[in-house]
Amino acid sequence: MSATEIHASLCTSAADEWTALVATAVVGTDRHPLPPAALGWDVWGAHPDPAVALLDRAVAIVAARRAGTLAAPPLPTPPPAPTDHRPACPPACIARLHRLLAGEHDELLAEWLQLCAESGTRPAWSALPALLLRGRRKPEFDLLVRHVAGARATWLAEALPELGIRPAPKAGGSVVMMQPPARVPDSGATVAAIVLSFHERAATWAAAPQLRHLVISLEPRWLAALIADLAGLPFDDQSQRTRTELLRLAEFRDAMVREFHASAPTDSTVPIDGERVYGDPHG
Amino acid sequence: MTVRPTPEQVLSLAPGTAAAAAAVAVADQASWSAAGHDEHGVWGRYLAAAAEPYEVAVDLRGPAYRCTCPSRRLPCKHGLGLLLLFAQQHVVVANRLPFADEWLRQRDVTSVAEDSAGTPDAVAQRDGGHDAVVTHVRATGRVTPPRTPVADLQREQRRLARAERMRVGLSELDHWVTDRVRAGLAAPELADPATWDLVAARLVDAQCGALANRVKRVATAVGQHTGWHEEVLDELAMLHALSVAARRTSMLPETLADGVHVATGLTVAKDDVLAGVPSTAAWLVMGESRTREDRITVQRTWLRAQHDGMPDTSVDTWAMVLAFGAFGNEVATEYPVGHVLHADLHWYPGGIPLRALVGHIHCAAVPATTAPRGSSIDDAIAAAGWASAGEPWLERWAMCVTATPAPLGNGRWALSDSTGSIPIVPGFWRLAELVAESGGSPITLAGEWSVDGFLPLTLWVGAMAVAL
């Protein structure tokens, strides 16, 4: 017999041996006699106690099977997704996206996606399911995600139907793609107004949502000025919480914009309006 | 030419008066069989009350000692007792027993190497004015450092007491397992969780915690699916193998015996592990997994040696570093996934090098700059098979594969390449991320392989690690 034949024969007899052992063990050796070992599996002297003998023989099969496990045959894989030539956005941006998806300042999510599209990069594909799932009840957000993700979103919905992603909503229908908040017409004046609200003791916790909205509507180049002004305010017990909240938001947004700016590829096919978004406020 | 020592000289080799007294008690001719000596060595079988006879040998040129008793102290009382018997002229000239011959021959080779190279394997102990070089070179090259005699003795006594409790517990376990096979797996008491809890509790009492956890896991398989009889017989067979092996460690090869000790719950002191010869390499932190066992959170950190400049090296060196947290407390991540640390790793004893301790860190952890090499499915399964051949009771093995997620049907997925496929464990909840990242093309994943399938732990996007 060749080695392959011996192997095949041992595999067959191992299956027989195991089946016999399981059948006997289920009923119990008290009620069912232990059949003799299958060909090639008479590996050690039979113990006089049939229960011990059964276990001894089972150990041989189990050890051989664990050590001799083979991979299953190759499987058909899903059709490859359409090629996407955009580079993935930088690791810092991906890390920030995960923080946004975890719920931290998630009102900035739309702006993150827009920055990503403008920089000519794509989101990390591993974040795509979370983005798509978030869009399941918000069609306008879904449109934005699919706009940024491109063909991979449609591919994923088909490859993984159990994810429960609906087909892409039709553009041009009643749903309009989500946009980041419209920029305030005069960011400098808005920064001054925010700071003034603190001086006038109007920046209560109740006013925080409106102030937050102002912060995310500023031209990003004014964020540094806002951060400096807020940090320089004298301590005030009443508005302390609002101030901390606004500072965190402004710093988060400032960092988010800078991360994309720092990494924008120079050979990007998507034009970037650097002056509008990233210009130096003091320049 | 060997000079026979006097009994006083032998007793002066004992690390303390209590150890000397123990050696005197052991030096009883009735306890020994096949004791003999020649010009280089003394050997014999010590008839232990509770276990297989211990095989004891002393190399008179060192003197150096070898004994198969569970004691980790050198010299153990059996070695000293034998030497004492020899000093009292109770040992006759004889042909070497096979184990003694093999060991003394190994010693010949080692002594020559030591003499020429002056390796640090020789630990010198000054004791009672006599210069005695006690060398403890085991097959794996591990060395036991000198300790203070009194603390050592107490520790040894605790160890032996524990070994005895474990022996009794393992005996009980084996009886119980055998009774299950005798009565049949279909017997109603097997489906009663209380039956299993009792066995697990007895094992905990016997300080075989590792086995108690295994028993509890088997209990959860009962009645779970149509093939549960097979799964339970599989696990009962392994419990039988371990409980028999643990009572016969003196007959097993040393590394396998060590593996059995660890699998049954005999703990190894960190100092002993750290005293071993380390493997120094740049270790890439490949992944981290956590499981809850009873009231303890167990964290496994998988490291893999980076073979710089040797990209064709097909054998990967994996190491598993464990950390524990009491129930409710998170275990802190000490070695961040995706980082490389240049460090000494010290291996726990065992049939295969797997569990390790991080010793000296030469260079703090820095993020990896290159993507880890993923193996083919076939190679990864083959490596797991070799590991399982070394320690058949192994429950997990690490893999890093480059393959494509592919649907198996019924919501199950697998990883596939041209060499084969392996299932992803049921209930892995971050599958969508893998599928999205792959886009139908191969991705590199590190994870744990077990009977349930492959549990992905880390997705590698280039050199960047995404913990799953």
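1. A polar contact is a pair of N or O atoms within 3.5 Å; within protein, one must be able to donate a hydrogen and the other to accept it, and residues adjacent in sequence count only if both atoms are side-chain atoms. By that rule, 21 residue pairs, both at pLDDT 80 or more, are in polar contact across the interface of chain A and chain B.

2. Some ground rules: this is a predicted model, in which local features need pLDDT of at least 70 and side-chain atom pairs count only at pLDDT 80 or more, while totals for chains, interfaces and linings use all residues. Residues are numbered from 1 along each chain as its sequence is written, chains are lettered from A in the order in which they are written, and side-chain values use heavy atoms, with hydrogens and water left out.

3. Now look at where the chains meet. Contact (heavy atoms within 4.5 Å) links 49 residues of chain A with 53 residues of chain B. The two chains bury about 3,900 Å² between them, 67% of it on carbon and sulfur atoms; buried area is the accessible area (1.4 Å probe) that two parts lose on being put together, summed over both. In chain A, Leu55(A), Arg66(A) and Leu75(A) lose the most area to chain B, together 19% of what that side buries.

4. Which residue forms a salt bridge with Asp234(B)? The partner is Arg66(A), with the closest N and O atoms 2.5 Å apart. A salt bridge here is a side-chain nitrogen of Lys or Arg within 4 Å of a carboxyl oxygen of Asp or Glu, and the count between chain A and chain B is four.

5. Several helices of chain A give two or more residues to the side that touches chain B, among them helix H1 (3–27) and H2. H2(A) gives the most, with twelve residues. Helices (H or I, at least four residues) and strands (E, at least two) are DSSP runs, numbered from the N terminus.

6. The backbone deserves a glance too. Arg201(A), a residue other than glycine, has a positive phi near 60°, and lies in the loop between helix H8 (187–199) and helix H9 (208–217) of chain A. Ala34(B), also not a glycine, has a positive phi of about 55° and is found in strand S1 (residues 32–37) of chain B.
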